[in-house]
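The structure is shown first.

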Amino acid sequence: MGDYPPETFTGWEHYPANLDVSSIYTDVKRYNTRLSQDAERLLASNKESRVEVAIYDPGARKAWRKMSVTHEQFEDAEKFATCMTRINSLAANRVIYIVSDFSWSQLLISEEILRKLFTYMCVHPHFLDIIHLFGEKLGPVEESLSIYFDNMISPKPSTSLGPTVQEFGYELGYNMKYVEQHGRPFPKDPWSIRETGVCQKFNPSSMQSDWIFIQPSEKLKERLATIYPHLSGAAAGSQFQIHVAILSTVSENWRFYINYLEEYFLNL
């Protein structure tokens, strides 16, 4: 985060092997290979890609704005850097939505765009473990798998004493199950179990956060659009509170779903 020079697309074809991450904890070669092998099931074509970017400026009256980033803007790093620089000048937060047409269909982002975007934003390879939970499916797969990762980001020390606690950033990601009424006549069970993925990266020097949401519900997107304009600021504490809102939003229907199951089994 911070300044985004055009050369930050360098090596995107090999993402995440082009990132500076510890080889002790992360086998970047394996992540690179798995992404290539799973891309056809997981990701759409360049023409089908629809990446939505929402930006939030805590000081502006119209604090929540949305824009679409097209495939053409990913064709070269300079175009994309210009696009993202314009966003950076307007926003303290960038929110990326990666969606699909259906719960078990490809994510509407191509392998090329994903590698470029994740290179540009320096997304930690562990988020790919969450990405692989989505894509085309013929039935429930890994429905019980939960993934969480976090990582402290240490800035280059400006003094011989090194960075203070306040100068550290962080990144974290996780997936969550939630239930929604599907509104279809079949099956008789009116509920569907769905999933969303979340990744946040906070940079204390710029007071910016990058957020990536995989298949968020419309309710969650509406909640986020309501929350961001009312944050007390861009500090880490305010940013972290958003996770509380995310968890409360995705969990609110579980009670009603469990009540439905209780009634169903009592009537057997």
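## Helix 1: burial and cover

Helix 1 has V28, Y31, N32, L35, D38, A39 and L42 as its buried residues, where buried means under 20% relative accessible area, exposed over 50% and partly exposed in between, with a 1.4 Å probe and protein chains only. Helices (H or I, at least four residues) and strands (E, at least two) are DSSP runs, numbered from the N terminus. The cover over these buried residues includes strand 1 (43-44), strand 5 (107-110), helix 3 and helix 4 (127-131).

The model is predicted: local features need pLDDT of at least 70, side-chain atom pairs count only at pLDDT 80 or more, and totals for chains, interfaces and linings use all residues. Residues are numbered from 1 along each chain as its sequence is written, and side-chain values use heavy atoms, with hydrogens and water left out.

The axes of helix 1 (residues 28-42) and helix 3 (residues 111-120) cross at roughly 150° and come within 11 Å. Axes here are lines fitted to C-alpha atoms, for helices over the stretch in contact, and angles run from 0 to 180 degrees between N-to-C directions. The crossing makes helix 1 roughly antiparallel to helix 3 (angles over 145 degrees). From helix 1, N32, L35, S36 and A39 meet E111, L114 and R115 of helix 3, contact meaning heavy atoms within 4.5 Å. By class, this contact has 3 nonpolar, 2 polar and 2 charged residues; Ala, Val, Leu, Ile, Met, Phe, Trp, Tyr, Cys and Pro count as nonpolar, Asp, Glu, Lys and Arg as charged, and the others, Gly among them, as polar.

## Whole chain

The chain has 7 helices and 9 strands. Of its 268 residues, 49% are buried. Among contacts between residues at least 6 apart in sequence, 67% join residues at least 24 apart.

## Two loop residues

Q215 sits in the loop between strand 9 (208-214) and helix 5 (218-227). It counts as buried because its relative accessibility is 10%. Beyond its neighbours within four places in sequence, Q215 has contacts that include I98, F102, L107, F134, Y178 and E195.

E252 lies in the loop between helix 6 (236-251) and helix 7 (254-266). With 36% relative accessibility, E252 counts as partly exposed. Its C-alpha atom is separated by 8.3 Å from that of Y178, 74 residues apart along the chain.

Technical notes. Parallel < 35°, antiparallel > 145°, perpendicular 65-115°, else oblique.
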